[in-house]
Structures are given as structure tokens and as C-alpha cells.
Amino acid sequence: MSPDSPLLFEAAVTRPLSVVFRAGEAWEGHDYTVEVVAMRQGLDGFDVVVDFRDLETALDRSLAPLQGRLLSDLGLEGPLALAQRLLAELAPFVSAPARLKEVALTDGRGRRMAVRP
């Protein structure tokens, strides 16, 4: 498929993440599925949006120091700040003409929050 294709393609990688944060007076622990979505118009010469290996490696590297941690100890106020941090950290690992579309956190009850550049 030509990169000039009018079709828009997306590709996503997911990883689990467990963190704790303060919500008002209470502490909350959450198990999230972190989803990172890249997009591009058309596909590259190998018919892919982005090299999953590079994106998965970058995501694993970003999540490792967060696992099981208290977000405030990392300078993060909550899930929104966490998603924004991941968005900023991962964007450089998506090579043009692809781009990072969003980073989403989905909790165990299926509630999903996404941030976009």
C-alpha cells in the first residue's frame, strides 16, 4: 500500500500497570491496561504502521519504574498526569510519518481515560 493512500491506519500496544495514588482523603490502588496507539496515513514498505518492537521496548522502559509505586512519590498527581507523562516520553519513539495518536489507561472496571497530543 502506498504512503499516499487515503486510508488512515492505527496500531496499538498494551501493557499492564499497577499504581497507587491519592483520591481526596483516600488512597486508591489501580490495575490499569496501558494502551499506546500510533497512526499514519497509508502503510510503510513492509505494510506496517510502526515497528511494534521499538514501541513495546519504549513502553516497557517507561512503565518499569512506575510498577507498584505511589504516583506522588514520582511527582505525579494522579492518572491524568501519568498518562500525560507517558505521552511525552513515548512520542519520540514513533517515527514520522507515523505519529502517536493517544495513550489510554483502562481500569479493571473498564473505565477508560485517553490523552492525545
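I take helices to be DSSP runs of H or I with at least four residues and strands to be DSSP runs of E with at least two, numbered from the N terminus. The model I examined is predicted.

Entry 1, overall make-up. I counted the elements and found 2 helices and 4 strands in the protein. Reading from the N terminus, I noted the order β-β-α-α-β-β. I then looked up the extent of the C-alpha trace, which spans about 55 × 25 × 20 Å along its principal axes. Of the 117 residues in the protein, 37% are buried. I also checked contacts between residues at least 6 apart in sequence, and 62% of these join residues at least 24 apart.

I looked at helix 1 (residues 52-63) and helix 2 (residues 79-90), whose axes come within 10 Å and cross at roughly 135°. The crossing of helix 1 past helix 2 is right-handed. On the helix 1 side I listed A58, L59, S62 and L63 as making the contact, and on the helix 2 side L86, E89 and L90. Sorted by class, this contact has 5 nonpolar, 1 polar and 1 charged residues.

I found 30 residues in the largest nonpolar core, and V34, V36, L82, L86 and V103 have the most contacts inside it. Strand 1 (8-23), strand 2 (26-41), helix 1, helix 2 and strand 3 (99-106) each give two or more residues to this core.

Conventions: Residues numbered from 1 in each chain as written. Predicted model: local features only at pLDDT ≥ 70, side-chain atom pairs only at ≥ 80, totals over all residues. Heavy atoms only, no water. Axes fitted to C-alpha atoms, helices over the stretch in contact; angles between N-to-C directions. Left-handed = near helix turned anticlockwise from the far one by under 90°. Contact = heavy atoms within 4.5 Å. Nonpolar A, V, L, I, M, F, W, Y, C, P; charged D, E, K, R; others polar. Core = buried A, V, L, I, M, F, W, Y, C linked by side-chain atoms within 4.5 Å. Buried < 20%, exposed > 50% of the residue type's maximum accessible area, 1.4 Å probe, protein only.
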